[in-house]
Amino acid sequence: MEERRLECPSSYPMPTMKSSLSRLTPTKPQVGPVKLQEENKLGKSMPAGMNPFKEDTVDEMHSFAEDLNPFHKEEEEGMESIQMLNISLPSGEAAMPKINGSEKHTTLTMSLKKAFKMNKKQGRSLTEDQSEEKKPFFRLPSPLSDPEAPWKSQEKKAGHPRLEEPASPVKLRDGSEKDSLADLPPRKVMSFLKLGKPKAESSTEKMEHRGRAERKTETVPEVREPLSVLEIYKLIEKRDLVLADSHIVELEEECERVRTTDGGKDGGRKAKDIELLYKELEGELKKIVAESLSQTLEATHLDQLVQTIEEEEKVDRAWASCGRLPEDTDGPRPRQLRTKWREMVRDSVVERLSRCQTNTSIAQRLRSLKEQITSDLILIRKNHVAAYPKDYDAFNVYVNSYHEVVSSCLAEMAQNDLEIQQFYSFLQWCHNDYVRDVIGHEELAAHVRKQQLKPLLPAETMQQLEAKCIALVKAQITKSMSEELIAEKDKWEAGGDAYQSELPNRMIQLLKGHVTHSAAVNQEFGAQVSLCCLSGLADFLQSFQKHAQEFFQQYREAADSRELKVTQAIAVVSCCPVFRDYIERLRQKVVSDGEEETKKALACLDKVVMGGNKLLTEMLFEELKPNLSKLLKSKWLQNKENFERITTSIKKHFNQFRKMKSPPYQDLVNGIHKKVVMEYLRAVMQTRIVCHSADMRMKVAGRLSKESTELRELFENLDSSASWLDPVLDHLAEIISLKDMSSIQVEVGVLVNSYPDIRKEHIAAMLNIRGDINHQNCQSILETLQDFDSNDGGSIPPRDRALFVEIDTAPGLQCVDLNMSRALGCFSLFRRRIR
């Protein structure tokens, strides 16, 4: 066959056969594949599966290879044979066409001979071939292996094209081997065969061809390979949530297409995979939300969360734009991921605050709740709110979640059997601490929408809790007061030397604690507890009064020492002012609702004070009685000892009485002051002495005036406030000492104005002491008094100003004339002489 030179355009260079591959000899014609002579270089190093001449790979050829098989036409020569052979061999593998064995062998042999002959015509020597770098022709790119890649001219060196490295491994100078053809990407593997006889292209055509190839490369979009379920799961684990979500959406769309077309089992299986992926995705979102409550969260994670929610909402809107409703499809759309995000926030808050609910006291748990909520909300507002779009209202979503979770915690606490102090702590936290220290915190108050927050607990629940607390308070103070009163009574009976009792302080301390804690909750609840305390105190004072009266009666009958009686009586009476002061405080807190309870309590105290002071007064006047009976008698005028004994006894008793607290002490000293004056007037009204001369009248008036002054000074020193009693003896002395009848009338008028409860009998008795006023003058004096008739009959002035109403006069006492007065004087003188 005639030898021909291969003509190859510059854009499609053909490889030049190496001289080392000097010849290919067919072995076993029409039976086996063709083998190269230097088998040790190409045959042995090449894997069997990649041998381009292996006959058993023919069955894997594409169907179009048989139509283009160059071996069907033996008359074609040179370039045409090689190009037709190239089209029959796909890139990366070689196979023999399925024809008769003799034809295959003959045609291949002829084609290769032509190729070697044309190579010799190029004038290449063996030395030159060996001097060049050995590059086999198996790795030249083929239009079948990479149809989109443009064919570029190979660089020429010394007038010859550069050859590609052989497909089989070749030993290099350093001893290493290059990879085989099977290990390289398909696009880098080129066949040495051509599709047809190429035509020479001009430079303009080359540039156009290259430009079209480049534009084709630019305009073809990159197709993203679908990921498997496991790969998407790994993306979720890495928190590449936006990318993972996009792949899940693609799987979901594919699953929807499969479900609508054939509805096979494969669609159902994919749907389960998608739901599992969404479950993992939502779980990772929930972890991010939970971590947002601490300092460990990275900012990019919140960005991933927000972007994922936004993308899912876009898909939900696209799903809804198709006119589908949730009830019209079995699919999971809309996913409403933003709503689920709010639920995630709430669940994270539940888990966060559950750590505060340890087995500690209610007060400690509430304190921990307040501190945890405040610190979390401040952290969220400063660090995380900016990551959310404005329409998310993220901060108030967190605030509402915390508010709802706290409400649930409080409702659970309210179901327990709380003690009184726990009730106070609980109610105060609900009414004040939460509103003031959490919602009203200086860093949070401006950002919280308080009008959107519901009450922590329903109003009915709060009322029930307050009612339970008040009932416990009532029961506690009743029990405690009863125990304290019994203990105090035992002390009374045992006797003691203490003038003050600790009973009021203990009782008030008990009540004060309830009033203080309840007032800290709110004013209304504080008023209810105060009324409860006032009612309990009134009940206690009733029992206290009863025991005190029994105690006073026992002391009257007992033969114990006077000192012990006085000491215990003062201790009992001194309790009353302490109770009275506290009752007044409680009354101011309960306003008008406690009037009845206040009156009842004060009445009990008044009775205790009256009973105690009466006992002490009786004890004093038992000692004063002998000396009081000698006033205004014959020896009284010459003997001063009786009056001195009276003042001495009063001073001695008041050394103990002064240890009584005021105002009971004030009542006691005023009462004793009044009683002493009354006893003095009673002696006058009984006309124990009658003046028979002007000299005697002056002595009696002087003695009355002097003792009146001593009594006034005495009771002033004892802090008596009954100064209105002091003038009565001075008026009596003036009536006795005056000589002019008109002056006597004036002085009697002053006396009547000062003491409106005085009666005619009292004035007549005073006039009788003079011994010189006859009946006619007496009547004249009485008739000249203005408004005397209005006072006749003993009109009663206010109790604290009544003096004469309790003083009786001698029966049948009337003003006597002068002769009768002289007769009485003579009779008195006769009696003294007989004695």
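Leu632 counts as buried, because its relative accessibility is 1%. In this predicted model, Leu632 sits in the loop that runs between α19 (595–628) and α20 (634–638). Its phi is positive, about 60°, although Leu632 is not a glycine.

Asp719 also has a positive phi, near 65°, and is likewise a residue other than glycine. The loop that holds Asp719 lies between α23 (694–717) and α24 (727–737). With a relative accessible area of 42%, Asp719 falls in the partly exposed class. Leu632, in contrast, is buried.

## Two prolines in loops

Pro663 belongs to the loop between α21 (641–657) and α22 (664–685). The peptide bond that joins Ser662 to Pro663 is cis, with an omega of about 10°.

Pro458 is placed in the loop between α14 (420–439) and α15 (459–494). Its relative accessibility is 49%, so Pro458 counts as partly exposed; the cut-off for exposed is over 50%. Along the chain, Pro458 and Ser407 are 51 residues apart, while their C-alpha atoms are separated by 9.7 Å.

## The chain as a whole

The protein chain contains 29 helices and 4 strands. Of its 835 residues, 43% are buried. Among contacts between residues at least 6 apart in sequence, 79% join residues at least 24 apart.

## Helices α11 and α13

Helix α11 covers residues 337–354 and helix α13 covers residues 394–414; their axes come within 9 Å and cross at roughly 50°. The two helices are therefore oblique to each other. The crossing of α11 past α13 is right-handed.

On the α11 side, the contact is made by Trp341, Arg342, Val345, Arg346, Val349, Val350, Arg352 and Leu353. On the α13 side, the residues are Ala394, Val397, Tyr398, Ser401, Tyr402, Glu404, Val405, Val406 and Ser408. Sorted by class, this contact has 11 nonpolar, 2 polar and 4 charged residues.

## Helices α7 and α8

The axes of α7 (residues 229–237) and α8 (residues 241–261) come within 8 Å, and the crossing angle is roughly 150°. α7 and α8 are therefore roughly antiparallel to each other, as the class takes in angles over 145 degrees. Here α7 passes α8 in a left-handed crossing.

From α7, the contact takes Ile232, Leu235 and Ile236. From α8, it takes Leu241, Leu243, Ala244, His247, Ile248 and Leu251. By class, the contact of α7 with α8 has 8 nonpolar residues and 1 polar residue, with no charged residues. The contact of α11 with α13, by contrast, has 4 charged residues.

A pair of aromatic rings is described by the distance of the centres and the angle of the planes. The structure holds 17 aromatic pairs. One of them joins Tyr388 and Tyr392: the ring centres are 6.0 Å apart and the planes stand at 40°, so this pair is tilted. Tyr388 and Tyr392 are both buried.

Phe551 and Phe552 form another tilted pair, with 5.7 Å from centre to centre and 55° between the planes. Phe551 is buried, at a relative accessible area of 4%. Phe552 is buried as well, with a relative accessible area of 2%.

## Thr567 in helix α18

Thr567 is part of helix α18, which covers residues 562–590. Its relative accessible area is 7%, and Thr567 is therefore buried. Leaving aside residues up to four places away in sequence, Thr567 touches Gly496, Asp497, Ala498, Tyr499 and Gln656.

How values were computed. Residues numbered from 1 in each chain as written. Predicted model: local features only at pLDDT ≥ 70, side-chain atom pairs only at ≥ 80, totals over all residues. Heavy atoms only, no water. Axes fitted to C-alpha atoms, helices over the stretch in contact; angles between N-to-C directions. Parallel < 35°, antiparallel > 145°, perpendicular 65-115°, else oblique. Left-handed = near helix turned anticlockwise from the far one by under 90°. Contact = heavy atoms within 4.5 Å. Nonpolar A, V, L, I, M, F, W, Y, C, P; charged D, E, K, R; others polar. Buried < 20%, exposed > 50% of the residue type's maximum accessible area, 1.4 Å probe, protein only. Phe/Tyr/Trp six-rings, centres within 6.5 Å; stacked < 30°, edge-to-face > 60°.
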